[in-house]
Amino acid sequence: MYKKEISLTINNESYVREVAVNRTLLEFLREDLGLTGAKEGCNEGECGACTVLVDGKPVNSCLMLAVEADGSTILTIEGLADGDKLHPLQQAFIDEGAVQCGFCTPGMIMTGKAIIDEYGNPSEQEIRKLMEGNLCRCTGYTRVIKTVKKTADSMVENSDKK
Amino acid sequence: MDNYNVIGKPELRKDSRDKVTGATQYCCDITLTGMLHGAVYRSKVPHGKIQSVDVSGAWEVEGVRAVVTGKDVPYRIGRSIQDQTFLAIDKVRYQGEPIVLVAADTLEQAYEAVRKVKVDIEQLPAVNDVLEAVEENSPLVHEKLEEYPHIPTVRPVNGTNIYDHFTLRKGDVEKGFAEADVIVENEYECAILHHAAIENHMATAKVDASGKITVWSPAQSPFYIRGELSRALGIPENKIRIIVPPIGGGFGGKLEPRAEQLAIALAMHTKGRPVKVMFSREEDFLAGTVRAGVHFKMKTGAKKDGTIVAFESTNYWDSGAYSTISPTVTLKANVILAGPYEVKNIKTDGYCVATNKQLGTAQRGFGVAEASYAHEQQMDALAKALGMDPLEIRMKNIMVDGSKASTGETLFSVGVKECLQEAADGIGWKDHPISWITKEGKIRGRGLGTFMKFTGTPSYTSVTIKFNFDGTAIVSYSTTELGQGVGIVIPQIVSEELGIPLENISTVQVDTENTPLDKTTTSSRATFHLGNAAIKASADVKRQICKWVAFKWNTEENLVKFEKGGILVEVDAEGTPTGRTARMDQLDENSLIRNGEPILGYGSYETTNIWHKPDLETYQTERLTAMWFFGANAAEVEIDPDTGKTKVIKVVAAHDIGKALNPLGCLQQVEGGVVMGIGNTLLEEFIHRDGYLMNGNMVDFKIPTSMDTDVEIEMRLVESSPHPEGPYGAKGIGEPAMCATQSAVASAVEHALGVPVTHVPIKPETILEACRKRMEESK
């Protein structure tokens, strides 16, 4: 397969790699770089388990080619915490009991972060709509949605205080 | 009154930090040195004779290291009936059945090689419909079903597609119907559906030069799979090691060996190199396992006052191309098919049937959710026939302590009446009609659902506790973590029993070589069985600690007592405290155990001793199970008569939990279970045409999303009937969580529309048709 060199920033680190042009971003992250936090659930953009942020936007990395990500800045679940300090959303997923088997969790959290970044403090109904592309079979979504809402509320509150 | 430190507290699970940071290594995340990638050539047709298999093209692809066909691995598996080979040899029986395996350096090469495989199949007529499958002239899925070895409790019917015919006979059903003032007869069916865990099936296998097999697999029940493989391959159990990383959802779907035998078949031909076989989502739908479809014929007779006097059912379970554990699903559903109502005369005939479709297996409840839907529709039909309130007729017949089950046994620890009352109260049953039209022109309905289920018995499990000199403990067991939270509730029990902080307790990855024997992770059994074993293992640890502290204190072993909260107290011969004490979390500081005899606690729990073998013809017994589960749901739905769409407004879920050891974990199970139950009722359905699966992908097979689940869920954990044999009185919750949701939602739809729900999932077109009829009738 024809290969192409790409350079990109992932979790604040720069990478220059030669990659087959048919390789998906998900395969590139998981198999070439060993960043296995994003998961393959359906490989057709339906389940959202592979969600990562590309230039701040949530993307089903199973549907994007690695070469399309050339020059972009990518954030995966592995890069979300600040050292030992978890992102508020990660902490909230733990504290609110929004994690069960956890297979969908990295994708859920990345989508949740993108929602908070983009919309600030959307309503619970808006969060439901925006997270429709992340499937979960364990939690029934109740705690996931509440956790994103609660985190958005507290992040807005904290930024107001500053 | 409870006086626990850790039990009954909503403790947070221990594995969350790894899960929210992407650090958890699921099976798919594990890469081994020298690992090859496997791919599978699968049957494109549902039924046919294999005429030829040509793999020469596959060998020509660069990077191919092994190609395996059915004749290379002619090993038989099957828990009930050994009807399945690792790969199809002479015949294919379902679309997606594996025929050829390839291992290559890269997955791309493996897929390329699979594309080069040529298999010539003479297609046979597919057995697509379960009712046609039992007709005399039906084509046969298995020509000689009776020739396969099978367990003695399963009774295949020669020359038919019937894997098993289950029978239950209680009382005299003819006499019962003769006494009835009203008889309702209906038929109901449930579609085939998929567990759809977000993690697909997969396995990585390695075969050492000595022949020892190691498998990494998200297997729910690794010892069960080990047993199957050991028998199939003729390899002793200590030469098969199954390592189970955290599992990305199971729900029964990860019970059967699916990818394990394929990875092993390849690894037997790769000279020691490990082989990873990952199912794509499409493969998972086709060749994972499914919840069987079912067709119920139900007949219920009652007196004018609502007392049910007889119940009869014949039912047909569309269990697919191989039998797996399906006969047990048929059995479990038939035992409780009259519902948690005391009925003197019962006759059921359950047929577990072969078709050329996906393989039926257990799904969260072993047929009980389906059975609950059917028996609750019957209760609504009876209520209507008698002009009674649906709650009243249920209450009239509901089981209580001392009631006789369908098996003839006398029940104890029965909290279903309280649950039904709680569910009814929660939905405001008394205050509203069962159906009304909103100002916006939508139709609202309320419904009730109850269930009862038993846990598989006899059963066994075991726990070991390694107690370290620094006062921390490592707890080992082989119940797998599927997301249900066994990894927090067992440490809670050990913390409570040993009086050491929860954070000092860790658990071990399940591994058949290193963690102790356990039957299975199914049947909502973990807290009850493993919890009891953990209490015994803790007692063993305490005994050993007391012995060493006695040695250090220079006193007799029986003069050191372990007190609640983790205090060791020395007493004199009269039993009076001497004043010398030690705390469990300070043993090391006080030099009481370090460099002493290593402490390893062991506890086991098994239920053979309480189990009475049922009579195979009547299924009557003194005691069938270690534990019965009960619960009730109430639901309110809103139907849009213009679109036929049903929205669930509220579900009240009341569960006879005995004692909630971790209420947070219980609530998580129920929230997820209710939503899964809603999906089962309104969305999920495999659509087959002539044995071909038409919607085997995540776009067309719909499971609930966050948009489908904006439902008010009110949960009530009923603790009025603790189980006398359960740890702290606890019963299970995993399957119960969803067993009555389908029935309650279907009941609500029935009440809204005024017509019985005869098929789940309930499709918008069915609802539109019912609305149209109702409009015509009202004209």
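Lys49(B) stands opposite Lys91(B) in E6(B). That pair is our way into this predicted model.

**Exercise 1. Find the strand order of the sheet in chain B that holds E6, and name its edge strands.**

Solution. 
- Begin with the pairing around E6(B): strand E2 (residues 48–54) of chain B is joined to E6(B) by two bridges, and the two run antiparallel.
- The open sheet has the order E6-E2-E8 in chain B, with antiparallel pairing.
- Finally, look for strands that pair on one side only: these are E6 (91–92) and E8 (118–123) of chain B, the edge strands.

**Exercise 2. Describe the interface between chain B and chain A: how many residues are in contact, and how much area is buried?**

Solution. 
- Count the residues: 50 of chain B are in contact with 46 of chain A.
- Turn to the area. About 4,000 Å² is buried between the two chains, and carbon and sulfur atoms give 54% of that.
- Now the polar side of the picture. There are 25 residue pairs in polar contact between chain B and chain A, both residues at pLDDT 80 or more.
- Then ask which helix of chain B gives the most to the side that touches chain A. Helix H1 (16–21) and helix H15 (663–682) of chain B each supply at least two residues, and H15(B) gives the most, with nine.
- Sort that side of chain B by class: 20 residues are nonpolar, 19 polar and 11 charged.
- For salt bridges, the rule finds five across this interface. Asp29(B) and Arg30(A) form a salt bridge because their closest N and O atoms are 2.8 Å apart, and the cut-off is 4 Å.

**Exercise 3. Work out how domain 2 and domain 3 of chain B meet: how many salt bridges and polar contacts does the rule find between them?**

Solution. 
- Locate the parts first: domain 2 covers 31–124 + 198–249 + 254–287, and domain 3 covers 290–457 + 613–778. Their C-alpha centres lie 36 Å apart.
- The contact takes 21 residues from domain 2 of chain B and 24 from domain 3 of chain B.
- Between them the two domains bury about 2,000 Å², 60% of it on carbon and sulfur atoms.
- Polar contacts do turn up, in 11 residue pairs with both members at pLDDT 80 or more.
- On the domain 2 side, helix H8 (residues 281–287) of chain B gives the most, with four residues.
- That side divides into seven nonpolar, five polar and nine charged residues.

Terms used:
Residues numbered from 1 in each chain as written. Chains lettered and ligands numbered in written order. Predicted model: local features only at pLDDT ≥ 70, side-chain atom pairs only at ≥ 80, totals over all residues. Heavy atoms only, no water. Contact = heavy atoms within 4.5 Å. Buried area = accessible area lost by both parts, 1.4 Å probe. Salt bridge = Lys/Arg side-chain N within 4 Å of Asp/Glu carboxyl O. Polar contact = N/O pair within 3.5 Å; in protein donor to acceptor, adjacent residues only side chain to side chain. Nonpolar A, V, L, I, M, F, W, Y, C, P; charged D, E, K, R; others polar. Pairing = 2+ DSSP bridges. Domains from an automatic or database assignment.
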